Amino acid sequence: MLPPLTYIVSRLRIRQLRLLIALDELGTLHRAAERIAISQPGATKALHEIELTFGTPLFIRTSQGLQANDLGRCVIRYARLIHNDLAHLREEMQGILQGHGGHLSVGTIAGSVPLVLRALMSLREMQPDISVQIVEDISPRLLKLLDEGRLDLAIARTSGSQNPDAYECLSLHPERLALVASPQHPQQGNGALSLVELSAYSWVVYPTGTPMRTVLEREFGEAGLEFPRYPLETSSTFTMLSLLQENPRLVAVMPYSIACSSEGFGLLRRLPLELQARNEPCAIIHRRGTSLSPLATQLLEYLRSEQEVLPEG
């Protein structure tokens with residue numbers, strides 16, 4: 001059994017994490033000790049201490065040196081994350097000391113990417129020296145990153161969260177969806193197109209349980225049709241666009257804003273069939289009870305103002 005978190009936190013040292021990373025890269029205690037500028041006996045002691053902290057061996061001793069076991073690889077992965085976070089912390093502090101604007105991390109579902117980009121461009125016009133990380137993903141993974149403190153804000157849905165009351169939310173308009181296909185799709189010019197005709201084609205869909213998948217399943221159910229068998233599933237807009245380019249007979253559903261933008265670049269065509277159902281509204285979200293940084297507060301205001309000028313749907 002692993003020890004409690006409080007015990008691990010009280011005993012864990014940054015030097016030990018640096019040693020694990022060096023061991024993973026170099027394979028021997030001697031070379032790892034040289035990398036982090038400690039003696040080999042000191043490295044041996046540090047490795048012993050960290051294995052005692054977790055209550056389990058993390059490496060297998062072989063004739064070629066030390067090799068991480070499954071638990072060791074897990075700990076090393078998080079050691080790299082912690083080290084990278086500290087590097088980002090220093091970078092952000094350095095930027096603030098030098099009069100720069102600092103760092104901002106924002107997550108967004110695919111359909112809100114245009115809204116986020118407009119707000120960020122407005123913010124960077126006022127503060128060009130800020131660094132920005134944009135994470136596009138599905139809502140459950142964005143909420144996890146928000147819970148871990150890796151995002152300042154996210155545009156997502158909290159309906160699938162086990163603890164939706166943990167978030168402050170500014171609701172946005174319901175999301176309009178579009179049926180799309182390659183410009184060469186046989187049905188792209190069919191003004192009398194029906195869902196029955198499209199059901200005969202292969203589909204690219206979002207994963208099971210995601211709101212856009214649920215809307216599409218509801219649309220087929222209300223039409224008395226069986227949901228397409230053996231669809232291609234992806235949560236990546238880029239992958240979806242690439243698949244439509246590769247196979248002109250595929251059909252997909254995506255956020256209306258993304259569909260319009262992609263159609264403008266000639267990547268796809270919106271099919272002449274409107275979905276009756278709307279996707280559930282998303283929201284601008286941050287953790288309840290935590291203070292937003294000045295940058296995040298400014299971005300929230302820009303997102304709010306950009307949303308106000310958009311027509312619903």
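## Exercises on a predicted model

T62 has G65 as its bridge partner in β2. The model is predicted, so local features need pLDDT of at least 70 and side-chain atom pairs count only at pLDDT 80 or more, while totals for chains, interfaces and linings use all residues. Residues are numbered from 1 along each chain as its sequence is written, and side-chain values use heavy atoms, with hydrogens and water left out.

**Exercise 1. In what sense do β1 and β2 pair, and over how many bridges?**

Solution. 
- Start with the terms. Strands (E, at least two residues) and helices (H or I, at least four) are DSSP runs, numbered from the N terminus.
- Two strands pair if DSSP finds at least two bridges between them.
- Strand β1 covers residues 59-62, and its pairing with β2 is antiparallel, over 4 bridges.
- The two strands form a hairpin, with 2 residues between them.
- Next, N69. This residue lies in the loop between β2 (65-68) and α5.
- N69 touches P57, L58, F59 and I60, leaving aside neighbours within four places in sequence. Contact means heavy atoms within 4.5 Å.
- N69 has a relative accessible area of 18%, so it is buried. The classes are: buried under 20% relative accessible area, exposed over 50%, partly exposed in between (1.4 Å probe, protein chains only).

**Exercise 2. In what order do the 5 strands of the open sheet stand?**

Solution. 
- The order is β4-β3-β5-β12-β6, with mixed pairing.
- The edges are β4 (131-136) and β6, each of which pairs on one side only.
- Neighbouring strands in this sheet are turned by 20° against each other on average, direction ignored.
- Look at one pair. β6 and β12 run antiparallel and are joined by 5 bridges.
- Within that pair, C169 has I285 as its bridge partner in β12.
- α6 (residues 113-126) lies across β3 (103-108), β4 and β5 (153-156).
- α6 runs at about 165° to β3. Axes are lines fitted to C-alpha atoms, for helices over the stretch in contact, and angles run from 0 to 180 degrees between N-to-C directions.

**Exercise 3. How many salt bridges does the rule give?**

Solution. 
- Side chains of opposite charge can pair when their charged atoms come close.
- The rule asks for a side-chain nitrogen of Lys or Arg within 4 Å of a carboxyl oxygen of Asp or Glu.
- The count comes to 18 salt bridges.
- Take K144 and E148. Their N to O distance is 2.5 Å. K144 is partly exposed at 48% relative accessible area, and E148 is partly exposed at 42%.
- Take R176 and E274. Their side chains meet at 3.1 Å, N to O. R176 sits in the loop between β6 (167-171) and β7 (177-181), and E274 in the loop between β11 (269-270) and β12 (283-287), so the pair ties together parts that are 98 residues apart in sequence.
- R176 is partly exposed at 24%. E274 is partly exposed at 46%.
- Take R213 and E217. Their salt bridge spans 3.0 Å, N to O. Both residues lie in helix α9 (residues 211-222), 4 residues apart, about one turn of the helix.
- R213 is buried at 7%, whereas E217 is partly exposed at 31%.
- Salt bridges with shared partners join D24, E25, R35 and R80 into one network.

**Exercise 4. Which residues form the nonpolar patch on the surface?**

Solution. 
- Patches take residues with over 30% relative accessible area and no salt bridge; like charges are joined within 9 Å, nonpolar side chains (Val, Leu, Ile, Met, Phe, Trp, Tyr) within 5 Å.
- The members are I14, I82, L86, L89 and M93.
- Together they have about 420 Å² of accessible area. Areas come from the Shrake-Rupley method with a 1.4 Å probe; for residues, only the protein chains shown count as cover.
- Helix α5 (residues 70-97) gives the largest share, 4 residues.
- L89 lies in α5. At 43% relative accessibility, L89 is partly exposed.
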